[in-house]
Amino acid sequence: MSARINELFIYNSLSGQKEKFEPIHPNRVGMYVCGPTLYSEPHMGNMRTFINFDLIYRFLLKLGFQVKYVRNITDAGHITNSAGDDVDSIGKAARLEQVQSLEIVYKYNVKFQELQRIYNMLPPNIEPTATGHIQEQIEIIEQIIENGYAYVVNGSVYFDVKAYSSKFEYGILSGRKVDELAEETRTLNAQDEKRFFADFALWKKSNPEDMQIWRSPWGDGNPGWHIECTAMSTKYLGSHFDIHGGGLDLKFPHHEDEIAQNCGSLGCNPAKYWMHANMLNVNGQKMSKSLGNYFLPKEIVEGTTDVFEKSYTPNVLRFSMMQAHYRSTLDFTADSLNAAEKGFTRLTEAIEKMETLKTSETSSVNVNEIIESFYKAMNDDFNAPILLSKIFDAVKYINNINDGNATISKEDLEVLIFEINSFVGDVLGLKLEKTNSDSKLAPVMDLVLDIRKSARENKDWTTSDKIRDGLAAAGIVVKDGKEGSTWN
RNA sequence: GGUCUCAUGGCCGAGCGGCUAGGCACCGGUCUGCAAAACCGUCUACAUCAGUUCGAAUCUGAUUGAGACCUCCA
């Protein structure tokens, strides 16, 4: 298994190519992912990004890497000034709800933690908060000033993109050229404090209505949007670590500015591999409240959103996400989710069946090859859709064995059970819910089905159908199989 | 307006020079008192027009269409 650790390829946004993954320290991986800003409850699109990085984390663990996974919590409002408006999203929410900023942050953090549980995400090793690292942020800003890449104006500090560009390349990640940016943004005014339009705030002087204010060498104020990630990634992973991830929409300006801050303070790009997860669409369009396709991760599970007629389990939603590659957009529609629901059921039923399979002397299929294909798929830039297609090949094989049309040896079956459970459960993060687990109902159902069985044996179809229809009305579906009837 | 992606069968989605994933639906079959379920099988698509090549969904150019970013964004 350790040989497979050397076969991983990752698409690096920095180069625009798949690159062989070579960790900075052998067998160890440092990974930083931009977490949620807690001014509202994370929506389904946010969840896709976190779930995709959860998948990446899980596969790195599966390969045997020792992973340090850091995902921040933004609990200080993003303060920017690039368009002339100061925006403190958390403060805004706090004023709206007439509570303090901390209450907003606490409230939504509790919800976010709950969602992590519901969607079966592994907790990162550290979830540092921006407000807990103000001192570190100030220190980095001081370092940038000292290096000559930032300047102080009227209690605020701005990153000096022009000075920076003399030594480093601004736009290395997003492919944006400073000159091009100039053309586009020239019309924007209200840049009175900034020397250059592309300069961005590292520290903003406080406004009278600010709820959160911190002291700094430049006076009372708030940290800029991008500096928190630089501070926390550096503190917990060092100045240069392996993977930095986030949603595609963070590529510019957030990640671009992070690189600038890191280079400007410590002289190097923080991450060797930059990874970006693509967006989730709903009914063909980006989620938006005005389009009426906006819903929360909990609403779809509880069936309380108007966007979809029925509810879907977190497993089905996660399965649906795993059927698309993390770098592709994914469209949630009623059809696609219903398809995922059925597919996931077929998968779980095969996995349950797998435990009771009869073994033979030999296997009619090369099980080793199947297992290899699992690794191969994921080693190719975490291609979960291919992994699932290979797992479904195995599902077909399992069903064929079950029907007596294929064979498997005892040793092969053991390996297959182990790896399928591992890839489905540990890597894809899908929970294998046992059916018929409702403890109080189970004995009752046994009794009812036993009565129905007698009726059927006596060809008393009136009674047997009455029971079946009655149960159906109660939402219980009876299935008559070869070896008796089952329900759920 | 600028930068950049993407257009795959009824739907969702992989693939990214030859071997033409997978899920769901459809259709056919097995099973079955009937039904449902389950299982098996079938189903050859790559926006358009040119070009490169022995060979293109995959490369190049043009056209059309969709989306993202440039402002907060996962």
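Colleague: What pLDDT does chain A average?

Modeller: Chain A averages a pLDDT of 88, and 92% of its residues score at least 70. Over residues 80–85, however, the pLDDT is below 50. That stretch has 12 contacts in the model beyond near neighbours in sequence. Residues 184–190 also have a pLDDT below 50, with four contacts beyond near neighbours in sequence.

Colleague: How should predicted coordinates be read where pLDDT is low?

Modeller: Where pLDDT is low, the predicted coordinates should not be read in detail.

Colleague: Understood. How many helices and strands does chain A have?

Modeller: The secondary structure comes to 16 helices and 15 strands. Chain A has 488 residues, of which 51% count as buried. Its C-alpha atoms fill a box of roughly 90 × 55 × 35 Å along the principal axes. Among the contacts in chain A with a separation of 6 or more, 74% are between residues 24 or more positions apart.

Colleague: Which domains does the assignment give for chain A?

Modeller: The assignment gives domain 1 (70–268), domain 2 (281–427) and domain 3 (441–487). The C-alpha centres of domain 1 and domain 2 lie 38 Å apart. The contact between them takes six residues from domain 1 and seven residues from domain 2.

Colleague: Which residues does Leu416 touch?

Modeller: Leaving aside residues up to four places away in sequence, Leu416 touches Met354, Val367, Ile370, Ile371, Tyr397, Ile398 and Ile408.

Colleague: Let us turn to the sheets. In what order do the strands of the open sheet of four strands come?

Modeller: The order is β5-β6-β7-β8, and the pairing is antiparallel. β5 (150–153) and β8 (221–223) are the edge strands, each pairing on one side only. On average, neighbouring strands of this sheet are turned by 20° against each other, direction ignored.

Colleague: Which helix packs on the sheet?

Modeller: Helix α4 (residues 134–146) does, touching β5, β6, β7 and β8. The direction of α4 makes about 115° with that of β7.

Colleague: Over how many bridges do β6 and β7 pair?

Modeller: Strand β6 (residues 156–159) and strand β7 (residues 201–205) pair over two bridges, in the antiparallel sense. Tyr158 has Ala201 in β7 as its bridge partner. β7 and β8 also pair in the antiparallel sense, over three bridges, and Lys205 has Gly221 in β8 as its bridge partner.

Colleague: Is β7 enclosed or open?

Modeller: β7 is largely enclosed by the rest of the structure, because four of its five residues are buried.

Colleague: Do β3 and β4 run parallel or antiparallel?

Modeller: β3 and strand β4 (residues 66–71) run parallel, joined by six bridges. Arg28 stands opposite Gln66 in β4. Five of the six residues of β3 are buried, so β3 is largely enclosed by the rest of the structure.

Colleague: A new topic, then. Where is Glu22 found?

Modeller: Glu22 is found in the loop between β2 (17–20) and β3 (28–33). Not counting residues up to four places away in sequence, Glu22 touches Lys272 and Tyr273. The C-alpha atoms of Glu22 and Phe9 are separated by 8.9 Å, and these two residues are 13 residues apart along the chain.

Colleague: Why does Glu22 count as partly exposed?

Modeller: Glu22 counts as partly exposed because its relative accessible area is 43%, and that class lies between the cut-offs of 20% and 50%.

Colleague: Last one: is His254 buried or exposed?

Modeller: His254 is buried, with a relative accessible area of 3%. His254 is found in helix α8 (residues 251–266). Residues up to four places away in sequence aside, His254 touches Cys34, Trp225, His226 and Cys229.

Key. Residues are numbered from 1 along each chain as its sequence is written. Chains are lettered from A and ligands numbered from 1 in the order in which they are written. This is a predicted model: local features need pLDDT of at least 70, side-chain atom pairs count only at pLDDT 80 or more; totals for chains, interfaces and linings use all residues. Side-chain values use heavy atoms; hydrogens and water are left out. Contact means heavy atoms within 4.5 Å. pLDDT is the predictor's confidence in each residue, from 0 to 100. Two strands pair if DSSP finds at least two bridges between them. Axes are lines fitted to C-alpha atoms, for helices over the stretch in contact, and angles run from 0 to 180 degrees between N-to-C directions. Buried means under 20% relative accessible area, exposed over 50%, partly exposed in between (1.4 Å probe, protein chains only). Domain bounds come from an automatic or database domain assignment.
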